[in-house]
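I opened the notebook to look up aromatic rings, the surface and the overall fold. My entries follow.

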Amino acid sequence: EWVDVVQKGFASDFNIVGLSGPAETKILPGFEVFYSTLWSRLYFYGAKIFFGTPVMWVANMAIRAESWKKLDKKVETKDRLVNEDEDLSLLIAAEDGAIFVESRLLVRTSEQSYFYFPKYLEYFRRSHWTKLHHKHVGSYSHIRQIPFWQRLIGVIVLLLPAFVFTLASIV
C-alpha cells in the first residue's frame, strides 16, 4: 500500500518532487497500547516553521528518480554535520520543487529514540547546522519561504501548551 500511495501522490501533481508521511509511535514509553502520529506531526510542523518550507522525514520519504539524479552530487555527505532528510528537502525547495506531507503515507516505528534527551539535542543541533550550511552555500536564499505571519502563529501554537503548563504549575 505504501508504494501505491507514493505512485498516486507523484501522479497527482508533477510539481511534487518529494513525499513524506507521519509515523505511528508510542505516545509514552512503556505503554504498548497507545500509538499516535503526534510526534511525527509535531516534527513536520516545527520543522516547517524553523526552515520556512516543508521538509521530509528520513524514515518515511520518497523522491522522484529524476530529481535525485539532479541533486545527488549536491547533498552534504558529512552525516555528522547535517540531517540528511532536511538537507535534501532544502535542496529540493531551492530548486522550486514541492514537498508534500501525505497523511496516508503512514509507517509504524520503534519509539526508542523519541524519549532519549541527548538524541533530541543532537538532532536539533544538526537542524541548526543544516540551515546554516544552506545559508553558507547559497541555496537557502532560493527557497520560497512561508510568510512570516504563518511562522509566528506556528511558534505561538507550539509554545502555548508549554506556557499554559508552566503557568499552571506556578499557581
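**Aromatic rings.** I looked for ring pairs and found three aromatic pairs in the structure. Here rings of Phe, Tyr and Trp (its six-membered ring) pair if their centres lie within 6.5 Å; planes under 30 degrees apart are stacked, over 60 edge-to-face, and the rest tilted. Tyr 43 and Phe 44 make a tilted pair, 5.6 Å centre to centre with 55° between the planes. Tyr 43 also pairs with Tyr 123, edge-to-face, at 6.1 Å centre to centre and 75° between the planes. That pair links distant parts of the chain: Tyr 43 sits in helix H2 and Tyr 123 in helix H5 (residues 117-137), 80 residues apart. I noted that Tyr 43, Phe 44 and Tyr 123 form one aromatic cluster.

**A note on the model.** This is a predicted model, where local features need pLDDT of at least 70, side-chain atom pairs count only at pLDDT 80 or more, and totals for chains, interfaces and linings use all residues. Residues are numbered from 1 along each chain as its sequence is written, and side-chain values use heavy atoms, with hydrogens and water left out.

**Buried or exposed?** I checked the cluster next. Buried means under 20% relative accessible area, exposed over 50%, and partly exposed in between (1.4 Å probe, protein chains only). Tyr 43 counts as buried because its relative accessibility is 17%. Phe 44 is buried too. Tyr 123 has a relative accessible area of 26%, so Tyr 123 is partly exposed. Across the protein, buried residues make up 37% of the 171 residues.

**Nonpolar patch.** On the surface I found a nonpolar patch with about 790 Å² of accessible area together; its members include Leu 38, Tyr 45, Trp 149 and Leu 159. Such a patch takes residues with over 30% relative accessible area and no salt bridge, joining nonpolar side chains within 5 Å (like charges within 9 Å). A salt bridge would be a side-chain nitrogen of Lys or Arg within 4 Å of a carboxyl oxygen of Asp or Glu. Which helix gives the largest share of the patch? H6 does, with six residues. Leu 159 lies in helix H6. Leu 159 is exposed, because its relative accessible area is 52%.

**Whole fold.** I counted six helices and six strands. These are DSSP runs (helices H or I, at least four residues; strands E, at least two), numbered from the N terminus. The C-alpha trace spans about 55 × 40 × 30 Å along its principal axes.

Definitions and conventions. Areas by Shrake-Rupley, 256 points an atom, 1.4 Å probe, with all protein chains shown as cover.
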